[in-house]
Structures are given as C-alpha cells and as structure tokens.
Amino acid sequence: MSVGPPDGWAWLRQQAEGGEVHTVRVSFADRLGQWRGKRVPVSHFLRSDGVIGFGSGLLVADVACDVYDSTPFASMENGYPDVYLRPVAEDLRPVAWAPGEVYCFARPTDDDGGPVPVAAAWVLDAVVARAAATGWTPQTAVVASCRLWTADGEIVRPNSEPARDWAVTVADALVASGVDVTDVTTDLQSVRFRIGPGEPSAVAQAAVVAKGAMKELATRSGFTATFITVLAGHGAAMEVELPGVELTPAAWDGVRRRLGQARPLLQPSVNAIKSPCPTLVPYPGGVRLSGVSPEADPYIALALALAALSAEDEETGPDADAFELGHAAAQLATSAWVRDWLGDDYVDNAVPLLIEEARQFARVVTDWERERYGSLA
Amino acid sequence: MTPQWTEVVWVDLLGTAHTLLRRNDLLDEPVPVSRGMVAPGDGTTAAHARDLLVRPDRKTLRANAFRPGTDVVLADLAEVDGRDSELCARTALRRVLGEAGSTGFDVYAAVELEAYLVDPATSTPAYRQTDCYGMARSAQFENLLAPLRNGLLAMDIEVEASNLEYSGGQVEVNLRYAPALKAADDGVLLRVATQTVAQRCGLEATFMAKPWTDQAGSGMHVHQSLWRAGRNAFAEPDGSLSGMARSYLAGLLDRMVDLTLLGSPTANAYHRRVSGSFAPTVVGWGGDNRTLAVRAITSNPAATRLEQRDASADCNIYLALAGQVAAGMDGVGTGRIPPPPVTGNSYARTDLPRLPSSIVEAHDRFAASAFARRAIGDTLTQAYLDAIRLEVDLSLRSSAGWERRRHLGGSVLRVDR
C-alpha cells in the first residue's frame, strides 16, 4: 500500500505554510464502514495534534444514525460519553479530489487512549495479531463496488460510457490519495475497484476511503453512488481476497459453518441478506470471500475472513440457516467462534442493532404484500 | 476616492443580530436606532421612546472576510446622552465579566452552536437522511463550509472543526475557547457569517431551536472555565475539578431554573427541551454524560471545564453567558457545594429539580428571581421580560400545523391512525 509522508507533521506544516493544505479530515469508519469525521483547519490540527472527541453513539448507530438503549456500549444510561481520535501524522494522505484537503484515519479510543472494543479497526487488529501468533502474516485485497443512480432515480448501466468514464476518474483520484487501486471493472451489476493486496487494516481503511470517494465523486458527476446490495433482482458484492491461502476440503465445512453464523455482519441489512450466504471460493493463487454486501464494514469483512480461516475449533452445531435479518442476528448472538474472535463487546452491540433493523422493516407494509394479498376475499 | 465601509453588528434583546454598513470616516459617530428594535415590547411610553445609539467597539474591528473590501465591528448600545445603555446585552456581559475579573479571575468560554441548512424552495432541510459526521455528504456543502471556516479564521475567530450533526441538514462549527466576551462576539459573527455564506450558496441557514418536530433541535452548549495568571483554576493537577470549579458548578445549578429564559427565549425553544433529546430536562451534573444539564469535562487537565447544555442556538449569546457566569461566580463567592454527581439516564430521574418546560413557566421563574435582576440589572430584566411577553402573546395567537392536523374536525370524529 502507499504510505504517507515519513515526517507527517513537518510535511503538513510545510504544506500549510505554502498554502497547499487548509483542512484535515480527521476520520474514522463507522460500523458500516462509512467514512465519518470532522474537517479540522490545518492550523488547529497542528496546534492540537488533531485530537478530536465525539459522542460514542456514532459507533453504535444504525444506518440512519439512530441510537438505541439496547446497545450496552453507549446508551442513555451512560449518557453517550465521548470517544477520541488521536491521529498519527504519518498516516496523512491527500484528498486528491478535494484540493487543499488531506485525510487522516484514527482508531477511536477512550479517555486514556485505550482501544474502544466496538470499533472494528481494533477488532481487525486483534484478529491479525492472533493470526500472526500462529505464524501467518496475512495479505489481503478488497474489491469494493457500487452502482450509480441518476437524479431521476434511473440506474446507470455500469458498463455504459458515462459510468466507465466516472470509474476512471474515481480510480485516478484514489490512487493519487494513497489508495492502491489495481483494477477497475464494470459489469452488468456494478462498478468494482480492486484494492491491494496489502496489510489488512490498511486495505480496510482504503476500502472505506474508496466508498467515500465513490459517493463524493458520483455527486459531483450528477449521480448517486449506492451500496444497496440487491436492486432490481441483481446483487452487488464486496469481495475479500486472501492471496496465498489454500483451503483443504477437510477445512471447508468448518469455514462454511462459521461464515454462516457471521452472516448478518457480512450482510447487515434486510436487503443485503436477500443475497446468498457469503462463502469462500478458490481462485488461482488464493481464496476469495464472496457475497459480502457492499453495505458491510470492510474491517469486519476482513476480520471474519481471516478468523474463519484461523479458527481451529470444530463447528459441531447446526448450520446457521437464517435468511431473515432478525433471525440471523439471534443466531449470531449464540455463535461461540464469532464471540471468541470479534469479542463479546463487539457482538453484544452489533446484535441489538441488527435486530432493531429487522424490527423496523417488520413494521413496514411493502408493495409486494399489497400486490400479493390485497385482493384476497 | 471610493468610500470604505464597515459592517456594524449589534444584537437585540432576543439575540437577533442586526447589521448596518457604515462609511468608515463616520464610524465613530454613533448611529441612532429605534429603542423598539432593540427591545420589542419596551418603548410603548413616551419616556422610553427615545432612540438608542449603536456604538462600535473599535477593539473588535477587523477586515470582513465575507464582504471583501469592507471591515466588520461589533457594537454596544448607548443612550443618546452617551451613557452605556442598560438595554445592551453585550454591556451586561462585560459588566458581569468585570465583576469576575475584580476577584482576580478571567472567564474563558466557548459556545458550540448548531444550525440547519435549509432549501429555501421547499423550506426543508438541505438533505433528508441523518448523516452525522458523514464525510461524503458534508463534501456537498464544502462550497459553504470551507469558505465559512477559512473566512472566520481570517477574522481571528479560531475555528476548531466543522461537521454534519445529528439530523439531516444540521451542521456544527466548533470555535476555540476565548475570553468570554470574545467567545460571545465570535458566536454572533459565526451566526451572521453562516447565514451570509449559506445564501450565497442558494441555501438558508437557521439557528432556530427546533425547526422540525421529527428532527433534532439546535442547541448552544457553553463551555466555561476560570483562569488566573495563565493557569486553569478549574483543574486540579490530575485534571479533576478544583474546589473553585465545584463552587462555580454549584452556582450554575442553583440558578439554572430561574435563568432558563436567558438561554431559551422563544416558545419554540421548549419543543427542544424534552426527554431523549440530549437537551436537559432536570438540574443535574456529572461526568461525561450527554443527558445532563452540566457535564464536567476532565479528560485533559489543560482543558478541564464545565459545559452547560440547556441553551438553544438562537438565544442572545451575551445574555446567556452573562447569566451563567453570574451564577457561577455567585457560587464561587458564596463557597457553595454542588450536590452529588448524577449517573445514568437523567431523563428517568424524578427526584431532581425539573427545568421549565414552557416559556410561560420559564418567564414566571425569571420574573420572580431577585438574582436575575441583580445579575443583569433591573432595567434589562424588565425589558427582557417585556420582549418575552410579546413573544408569548404572539405564540399564543398562532395556530400550529400540528394542532390543525390533530384537532381539525376532531370534535366530530377523530380517526386514529
């Protein structure tokens, strides 16, 4: 992966003095892998080391940023206390499509600088460390994808010329922003950017940046970039590549069962779970986790791919067979291996949000119901 | 020779900023304004009908980044005979800060204001779905927010950050703490600049407390601390609250009910002050807990401070600060001890003093408060109450859309959906 400037603070000071940079995007990824943060004037960033605080609710919020009292990490009961971002200047990268801006991701920490257990970046770090303890230093790649809508709500054919031109613009901007895009493909379903291979957390961060760039640059071109999974019968997917990994037939069944239990984290919406269950498939030179929703958090997708391969416990329970989000979340809650690898804190905060998402959908009467049942006597 | 102009900014009693462009060579000649414009509800008798003078405070003069080629200056209000006007909120804050200063302490503050960007064609938020801190979404508004941040910085207003807030269309710009009068001036200029830049981008900006029933309210959190000889007197070496901070805190809490009106001067503001809204409904303090009226922020010894969270973004910033600082200093002067900190969800607490839930209740508490009169002065208190009563009267005469939806035809038939 590309690296930032070796002496980030000096570089940034020089850029600021030269008028090249005016704003730093102090950034983090939310639980759906969306790019969030504050825009900090470079003068304040340099004076304050860029530390910012924000309400912990943002780490346990749903897709509409709503929060619920059922998440133990942050709720009305503890008053949604602050968590903090403490950027490392060596992680600074230019936002190539926004002149004058640079970005810097940081892991959310508590008051004392300790890890926040519901932040997926920390979860991935822990999984990578466990893998490393077994002698495996994983390299990963991600294929991030989206579809485009016009202002009129029409789907833009991904392999149309406007979409392809747009994809080249995005890819150029990402590469200039330190994101290692190696391939851009368009097919009937989505525009896809392959990022990596590289160290997992760097690839996950790059995927979050890529999603943000897709959104921003789509808007600039008069489109809307959507990460919704199933649209007009077609499914879009994010893929996780694990080069150099071989999967023996004997290990296959355990991996399949583990991923089934983790399904609602890989397909975290009522729409996403309409797709087939994510699974590992071989490709020349490695294996690929296929069928992950573009709505999923890349950090968690990578963590689960690595953990599913690393876990050694025999999965003896029944297959997770849920095809509905609430049911899948209930099965996730009882998954020993997911708890072991992602941590109880992560699971205990993810499950209520998935169940709440399902509950919200359960209150909605769909067009399909009206068509199917409306004429019954 | 091309005349040079200065934008003179002053606020009325309810906190609305007014501006006028004054030719620079006339800047030291005060400009008369109608007393009723400053204090609606006052000036109904001949004795009160004299104009007031807008008197620029040259210490605040600077280049106006939002109107190139002009300057901007904050102004006080004076009587026609040149005396400071007792109706001037900025002067009232300066007096309260002077009293604090006479005890050897400087008051530092930061105001944290939320606003909505509004599509003027539809009078709805500039975007629909909440995208708190969303980077991609906020990029759509960087044509507004970047010039706002950079312009304020150029005007010696230290912007720390900007972000999207907790409802569609809602934004926040964080300002660095400063001596309290400058902090209030910065807040006023931020509001003016936000509206200016928004209009240039084809939007409106509103600091209204609660523009939409189903969206978050816009608050003004006030961060405050006392300093002596360059040292934060609120912090013990480990960052925890000092005895002085605790007394100040006790003062804030003791007077919070009586002074609610200063931070929430409209009937609309009370729609924001409800359970679960992150605006407080009871008097309580504690650590890092967003359900409380006052948060003690002690994570960094250099930045230990108290954050009072009840005011709305459209209040008179000078008066809100004057009330809070007076209350805090009263706590210090009398050596008060705060009650124990509150933990947990304060909205669920029924044993704590309840904050006013309507403007009428807040008005009555303020009117009955001898402390309020001492803090901001008899004349200002009375004029403020007059202005509020006019506000109450107007709100009582209005018929809200919600009422029509709920009750139109309701006496005959109501179908619950």
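1. At what angle do helix 6 (residues 243-255) of chain B and helix 9 (residues 317-333) of chain B pack, and how many Å apart are their axes? In this predicted model, the angle between helix 6 of chain B and helix 9 of chain B is about 125°, and the axes lie 6 Å apart. An angle over 145 degrees would count as roughly antiparallel and one from 65 to 115 as roughly perpendicular, and the two helices are therefore described as oblique to each other. The handedness of this crossing is right-handed. On the side of helix 6 of chain B the contact involves B:M244, B:S247, B:Y248, B:G251, B:L252 and B:R255, while helix 9 of chain B contributes residues including B:Q324, B:V325, B:A327 and B:G328. Sorted by class, the contact of helix 6 of chain B with helix 9 of chain B holds seven nonpolar, five polar and two charged residues.

2. Helix 9 of chain B also packs with helix 5 (residues 180-200) of chain B, where the axes come within 9 Å and cross at roughly 150°. Because angles over 145 degrees count as roughly antiparallel, helix 5 of chain B is given that description relative to helix 9 of chain B. This crossing, too, is right-handed. From helix 5 of chain B, the residues B:A180, B:L181, B:A184, B:D185, B:G187, B:V188 and B:R191 meet B:I317, B:Y318 and B:L321 of helix 9 of chain B. The classes in the contact of helix 5 of chain B with helix 9 of chain B are seven nonpolar, one polar and two charged residues.

3. A helix pair in chain A may be read in the same way. Helix 3 (residues 120-133) of chain A and helix 8 (residues 298-310) of chain A cross at roughly 25°, with axes that come within 9 Å. Since an angle under 35 degrees counts as roughly parallel, helix 3 of chain A is called roughly parallel to helix 8 of chain A. The crossing of these two helices of chain A is left-handed. Helix 3 of chain A brings A:A120, A:A121, A:V123, A:L124, A:V127, A:V128 and A:A131 to the contact, and helix 8 of chain A brings residues among them A:Y299, A:I300, A:L302 and A:S310. The residues of this contact divide into 13 nonpolar, one polar and no charged.

4. Turning to the two chains together, 35 residues of chain B are in contact with 39 residues of chain A. Between them, chain B and chain A bury about 3000 Å², of which 52% is on carbon and sulfur atoms. Within chain B, the residues that lose the most area to chain A are B:Y133, B:M135 and B:R290, which together account for 24% of what that side buries.

5. Side chains of opposite charge can pair when their charged atoms come close. Across the interface of chain B and chain A there are five salt bridges, and over all chains the count comes to 53. B:R295 forms a salt bridge with A:D82, and the closest N and O atoms of this pair are 3.6 Å apart. Within chain A, A:D253 forms a salt bridge with A:R256, where the closest N and O atoms are 2.5 Å apart. Both A:D253 and A:R256 lie in helix 6 (residues 249-261) of chain A, three residues apart, which is about one turn of the helix.

6. Two details of the backbone deserve a careful look. Most residues other than glycine have a negative phi, and most peptide bonds are trans. A:Y80 is not a glycine, yet its phi is positive, at about 50°, and this residue is found in the loop between strand 3 (52-55) and strand 4 (82-85) of chain A. A:G196 and A:P197 are joined by a cis peptide bond with an omega of about 10°, and A:P197 lies in strand 11 (residues 191-198) of chain A.

Notes:
Residues numbered from 1 in each chain as written. Chains lettered and ligands numbered in written order. Predicted model: local features only at pLDDT ≥ 70, side-chain atom pairs only at ≥ 80, totals over all residues. Heavy atoms only, no water. Axes fitted to C-alpha atoms, helices over the stretch in contact; angles between N-to-C directions. Helix = DSSP H or I, 4+ residues; strand = E, 2+ residues; numbered from the N terminus. Left-handed = near helix turned anticlockwise from the far one by under 90°. Contact = heavy atoms within 4.5 Å. Nonpolar A, V, L, I, M, F, W, Y, C, P; charged D, E, K, R; others polar. Buried area = accessible area lost by both parts, 1.4 Å probe. Salt bridge = Lys/Arg side-chain N within 4 Å of Asp/Glu carboxyl O.
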